[in-house]
Amino acid sequence: MSGRRFLIVSLGNQEPYYDCLHSAGHFALASLQRTLGSSQPPFTRERYGGKACKVSAGRPYIMAQSPTMMNVSGPWVANAWKQALETHMLKPAELSLVVVHDELEAGLGKVRTRKWNTSHRGHNGLKSIMASLKPASFPGARWSRISVGIGRPQARDHANVSDYVLKKMTSFQKDIIDTKVGLGVLYCLRELEQQWDQDLDSIAPKP
């Protein structure tokens with residue numbers, strides 16, 4: 001494991017919608033923490049990004065669940081990113097930001113890495129973040145996304161999709177995310193770190 005750090009933030013909703021499919025990112029992050037076991041501290045409630053939220057601050061992973069409603073996630077994520085840089089005295093190139101979010105276009109529990117500028121596909125949380133964080137303001141920053149599939153209803157009109165993502169997860173859906181998704185998220189993080197190492201090796205001075 002290299003000395004580089006990751007700030008991993010999950011998107012979701014608060015009560016009464018915390019247990020909904022739109023909050024799959026929160027449950028995926030909790031699953032990741034359990035997968036890492038004793039190497040990653042348990043989540044505790046503390047102030048981060050200017051708001052009280054669930055945080056697991058370890059090395060190399062600093063995990064935080066967004067404490068806002070989904071559609072206004074951006075300002076908090078931007079504040080959390082800036083706080084992490086200041087607290088740990090890191091340059092943007094030394095702290096990778098990873099946003100974990102739900103994905104309608106993927107089957108339940110399917111996890112994959114996405115480039116930062118990949119289409120948000122109408123995801124309001126991602127739209128809010130992209131409006132609040134501009135890569136040009138942080139030269140060298142490495143920002144990525146990890147999506148967690150939640151499936152999609154057959155009807156694709158706005159009303160049906162909204163009802164689907166905001167309904168409470170079934171015990172089956174929650175079990176899939178709780179027990180299987182953490183390992184997938186960890187695999188994606190390992191891929192991101194390997195790519196980071198390769199990029200640095202490619203620009204390192206040759207002997």
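## Strand pairing

In this predicted model, Thr44 stands opposite Val55 of β3, and Arg45 is set opposite Lys54, also in β3. These residue pairs belong to the antiparallel pairing of strand β2 (residues 44-48) with strand β3 (residues 51-57), which runs over 5 bridges. The hairpin of β2 and β3 has 2 residues between the strands, and Gly49 in this hairpin has a positive phi near 65°.

Strand β3 is also joined to strand β4 (residues 61-65), by 3 bridges and again in the antiparallel sense. Here Ser56 faces Met63 of β4. The hairpin formed by β3 and β4 has 3 residues between the strands.

## Backbone exceptions

Most residues other than glycine have a negative phi, and most peptide bonds are trans. Which residue has a positive phi although it is not a glycine? Met89 does, with a phi of about 50°. Met89 sits in the loop between α2 (73-87) and β5. Met89 has a relative accessible area of 75%, and because the cut-off for exposed is over 50%, Met89 counts as exposed.

Two cis peptide bonds can be described. One joins Glu15 and Pro16, with omega about 10°, and Pro16 is placed in the loop between β1 and α1. Another joins Arg59 and Pro60, where omega is about 5°. Pro60 belongs to the loop between β3 and β4, the two strands that form the hairpin with 3 residues between them.

In soluble globular proteins, nonpolar side chains tend to be buried together. In this model the largest nonpolar core has 31 residues, and those with the most contacts inside it are Phe6, Ile8, Leu32, Tyr61, Ile146, Val185 and Leu189. Two or more residues of this core come from each of β1 (5-10), α1 (24-36), β4, β5, β7, α4 and α5. Helix α5 gives the largest share, 8 residues.

Another core, of 26 residues, lies apart from the largest one, and its members include Leu7, Val55, Leu97 and Leu126. Val55 is the residue of β3 that stands opposite Thr44. Leu126 is part of helix α3. With a relative accessible area of 3%, Leu126 is buried. Leu126 and Gly184 are 58 residues apart along the chain, and their C-alpha atoms are separated by 21 Å.

## Cysteines

How many disulfides does the structure hold? The count is 0. A disulfide is a covalent bond between the sulfur atoms of two cysteines. Cys20 is in no disulfide, and the nearest cysteine sulfur to its own, that of Cys53, is 18 Å away. Cys53 is likewise in no disulfide, its nearest cysteine sulfur being that of Cys20, 18 Å away.

Are the two cysteines buried or exposed? Cys20 has a relative accessibility of 1% and therefore counts as buried. Cys53 is buried too, with a relative accessible area of 1%.

Rolling a probe the size of a water molecule over the atoms shows where empty space is left. The largest pocket contains about 520 Å³ of space. It is lined by 28 residues, of which His22, Leu104, Gly122, His123 and Val161 are the closest to its centre. At least two lining residues come from each of β5 (95-103), α3 (124-132) and α4 (158-166). Helix α4 gives the most, 5 residues. By type, the lining of the largest pocket divides into 7 nonpolar, 12 polar and 9 charged residues.

The second largest pocket contains about 260 Å³ of space. Its lining is made up of Phe6, Ser96, Thr113, Arg114, Lys115, Trp116, Arg142, Trp143, Ser144, Leu192, Gln195 and Trp196. Two or more of these residues come from each of β6 (111-115), β7 (142-149) and α5 (171-203). The lining of the second largest pocket divides into 5 nonpolar, 4 polar and 3 charged residues. Phe6 lines the second largest pocket and is also among the residues with the most contacts inside the largest nonpolar core.

Notes:
Residues numbered from 1 in each chain as written. Predicted model: local features only at pLDDT ≥ 70, side-chain atom pairs only at ≥ 80, totals over all residues. Heavy atoms only, no water. Disulfide = S-S within 2.5 Å. Buried < 20%, exposed > 50% of the residue type's maximum accessible area, 1.4 Å probe, protein only. 1 Å grid on protein atoms, 1.4 Å probe; cavity = no way out; pocket = protein on both sides within 12 Å on 5 of 7 lines; lining within 4 Å. Points joined across faces, edges and corners; volume = space filled by probe spheres on them. Helix = DSSP H or I, 4+ residues; strand = E, 2+ residues; numbered from the N terminus. Nonpolar A, V, L, I, M, F, W, Y, C, P; charged D, E, K, R; others polar. Pairing = 2+ DSSP bridges. Core = buried A, V, L, I, M, F, W, Y, C linked by side-chain atoms within 4.5 Å.
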